[in-house]
Amino acid sequence: MNEITPLERRPDGGPGPIRRTALHDTLVSHLRDMIIEGDLPPGTRLHEGQLGEQLGVSRTPLREAIKYLASEGLVELVPSRGAVVKRFSAKDVKDMLTVLQSLEELAGRLACGTASDAGIAQVRALHDEMVARYKAGDRLQYYKLNQQIHTAIAQLSGNAALADMHAVLQTRLKRIRFIGHEGPEKWAAAVAEHEEMIAALEARDTEKLSEVLGRHLTKAWERVRDSV
């Protein structure tokens, strides 16, 4: 089912890096979206046979994709039950959001001082596209751009350890953060906070960006606590 192609060669003739297949990446992305959107709710057992038939793929690439999602913390490999969509308790979610809040507050302070103008312009472009997706009512694409913005700010901090820790927590919270935009009032409030965020970043206002990022994460917990 997967087409095997020869390894790429480096200019000196040696073998190039082995790239993950397009099928693997597509499967991981599709299953992740199914978890984020609630098509595979927390606690759902992932039956390889049923999923494979539904998605039109064999068990081997599906098994590898599920293992990858387990490494991201979205799926749990449970003895005697197999792969299950991870269910987080309310305390788990609050604890992770608390740490994420501290990381983003620090990232905001650092980014204002270290980010290049080009880096900030890239965040502006992501923001404008995110707002366009909001106006179009495209919730999943809005959410993905939203997450890219938070990732970009963490990366603009210039602190690799911070960015790595941020990426781990953000991945585990994907479904939780997505449901935080359910309902027009919650969604509009989140967009308004992002407007403050981009304005503070462009102004390189250290304290303002740190404050709005912290408030945004506090509000994120308020928006999801009744759903976890």
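Q: What covers the buried residues of H1?
A: In this predicted model, the cover over the buried residues of H1 includes helix H2 (48-55), helix H3 (59-72), strand E1 (75-78), strand E2 (82-85), H6 and H8. The residues of H1 that are buried are Leu-23, His-24, Leu-27, Val-28, Leu-31, Arg-32, Asp-33, Met-34, Ile-35 and Ile-36. They are called buried because the term applies under 20% relative accessible area.

Q: What span is expected of helix H1 (residues 22-36) at 1.5 Å a residue, and what does the helix reach?
A: For the 15 residues of H1, 21 Å is expected, and the distance from the first C-alpha to the last is 21 Å. Just after H1, Gly-38 adopts a positive phi of about 90°.

Q: What makes the pairing of the side chains of His-150 and Glu-104 a polar contact?
A: The side chains of His-150 and Glu-104 are joined at 2.8 Å.

Q: Why is Thr-151 classed as it is by relative accessibility?
A: Thr-151, likewise in helix H6, has a relative accessibility of 26% and therefore counts as partly exposed. That class lies between the limits of 20% and 50%.

Q: Which residues does Thr-151 touch, not counting those up to four places away in sequence?
A: Thr-151 touches His-166 and Gln-170. The C-alpha atoms of Thr-151 and His-166 are 7.6 Å apart, although 15 residues separate the two along the chain. With Gln-170, the side chain of Thr-151 makes a side-chain polar contact of 2.6 Å.

Q: How do you know what helix H10 (residues 206-224) should span?
A: At 1.5 Å a residue, the 19 residues of H10 should span 27 Å; the end C-alpha atoms lie 28 Å apart, which agrees. The buried residues of H10, among them Leu-213, His-216 and Trp-221, pack against helix H4 (90-114), helix H6 (139-156), helix H8 (174-179) and helix H9 (184-202).

Q: Which element gives the most to the lining of the largest cavity?
A: H10 gives the most, with four residues. The lining consists of Asn-146, Ile-176, Arg-177, Gly-180, His-181, Ala-190, His-216, Ala-220, Arg-223 and Val-224. These divide into four nonpolar, four polar and two charged residues.

Q: What makes up the lining of the second largest cavity?
A: Val-123, His-127, Ile-149, Ile-153, His-194, Met-197, Ile-198 and Leu-201 line the second largest cavity. Helix H5 (117-136), H6 and H9 each give two or more residues to this lining, and H9 provides the largest share, four residues. By class, the lining has six nonpolar, two polar and no charged residues.

Methods
Residues are numbered from 1 along each chain as its sequence is written. This is a predicted model: local features need pLDDT of at least 70, side-chain atom pairs count only at pLDDT 80 or more; totals for chains, interfaces and linings use all residues. Side-chain values use heavy atoms; hydrogens and water are left out. The expected span of a helix is 1.5 Å times one less than its number of residues. Buried means under 20% relative accessible area, exposed over 50%, partly exposed in between (1.4 Å probe, protein chains only). Contact means heavy atoms within 4.5 Å. On a 1 Å grid over the protein atoms alone, a cavity is a set of points where a 1.4 Å probe fits but cannot get out, and a pocket is an open set with protein on both sides within 12 Å along at least five of seven lines; lining residues have an atom within 4 Å of a point. Ala, Val, Leu, Ile, Met, Phe, Trp, Tyr, Cys and Pro count as nonpolar, Asp, Glu, Lys and Arg as charged, and the others, Gly among them, as polar. A polar contact is a pair of N or O atoms within 3.5 Å; within protein, one must be able to donate a hydrogen and the other to accept it, and residues adjacent in sequence count only if both atoms are side-chain atoms.
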